[in-house]
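Please look through the structure shown here before reading on. The paragraphs that follow lead from a group of rings to a sheet and then to a loop.

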Amino acid sequence: MTDDAHTIQPSPAPYPAIRRRGVAERRRRVSAVGAALAAVVAVPAGAYAVVGGDGGGGADTATPMSSVSAPQTASASGSTARSGPQPPVSEGQLLDGITFAQASEALEQCLDQEHVGSAVSGDLAKAESYRIILAAKSTGVSNSPGDGIHVVGVAERPEGFRVICNVKEGVSAGISTSAKDAHGPDTGPVVPDANAGDLYQQSLIDKDKWKLPFRWGVIGMVDPAVAKVTVDYGDGSATAALDHGWFVASGVLNRQVTKTPHIKGFDAAGKLVYDSDTDKTYDKTLP
């Protein structure tokens, strides 16, 4: 599967050194979002603690996520109140002890420090333009040590635009962006995010030595006719949350795998309408 976030990089400088480079490092690593709106960059951000580092404190592979839609909060005047990002439809999408307040602050810092506003329209640089659909532990790898948190934010406009932020030890370890157009014109009722591999695999340089247990996540878009999405990955499975046109699934791997997550979509009658095994655009094995 195509995954911009897994380009092999040289061994990183210690985090204190990264902080000392400050603005100069940020300017060097700013990357504009191109036609496909996909980029991966890294700069300092605020500090966030991860509770339940062993994968506990959140939903696991045996616990289905909710798929109800949550209305926006209305003000006394009847208008919709918006301050910061919107929450996910279920608490099960905030994992490993991460609170919505922590996830919101991480998203705000990430958008600011990664200079998203210099690459896309102004609204997409503001946290209130997004809904957080997943916050979960991120696992440190050889070329980016230290555990942190992943926060996934999706924008209402343009449809299908999303960001994945990775924050660890007070430093933004990177952001990836993607848009609906990046998946091509011929898509089915379920469209796995082809650029979100960081959520379910570790670095290529750690190909045969993943850190376990490993918190994984899978996201993508769904048509309104899809009533249920399931994901099987390694030794676990999950029923995804359906959140305003997105599906979100997560679990914990206890063994290393070579196959990508197996995704299925069903309509309200229980009929299979999508199977990643028969999707010619979906990579079946990990790189």
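Which residues form one aromatic cluster? The cluster is formed by Y200, W216 and Y233. The model is a predicted one, in which local features need pLDDT of at least 70 and side-chain atom pairs count only at pLDDT 80 or more, while totals for chains, interfaces and linings use all residues. Residues are numbered from 1 along each chain as its sequence is written, and side-chain values use heavy atoms, with hydrogens and water left out.

Rings of Phe, Tyr and Trp (its six-membered ring) pair if their centres lie within 6.5 Å, and planes under 30 degrees apart count as stacked, over 60 as edge-to-face and the rest as tilted. By this rule there are four aromatic pairs, among them the edge-to-face pair of Y200 and Y233, with 6.1 Å centre to centre and 85° between the planes. Because Y200 lies in the loop between strand 6 (190–192) and strand 7 (214–222) and Y233 lies in strand 8, the pair ties together parts that are 33 residues apart in sequence. Y200 is buried at a relative accessible area of 3%, and Y233 is buried at 1%, where buried means under 20% relative accessible area, exposed over 50% and partly exposed in between (1.4 Å probe, protein chains only).

Strands here are DSSP runs of E with at least two residues, helices are runs of H or I with at least four, and both are numbered from the N terminus; two strands pair if DSSP finds at least two bridges between them. Strand 8 (residues 226–233) runs antiparallel to strand 12 (residues 262–267), to which six bridges join it, and T230 has K264 in strand 12 as its bridge partner.
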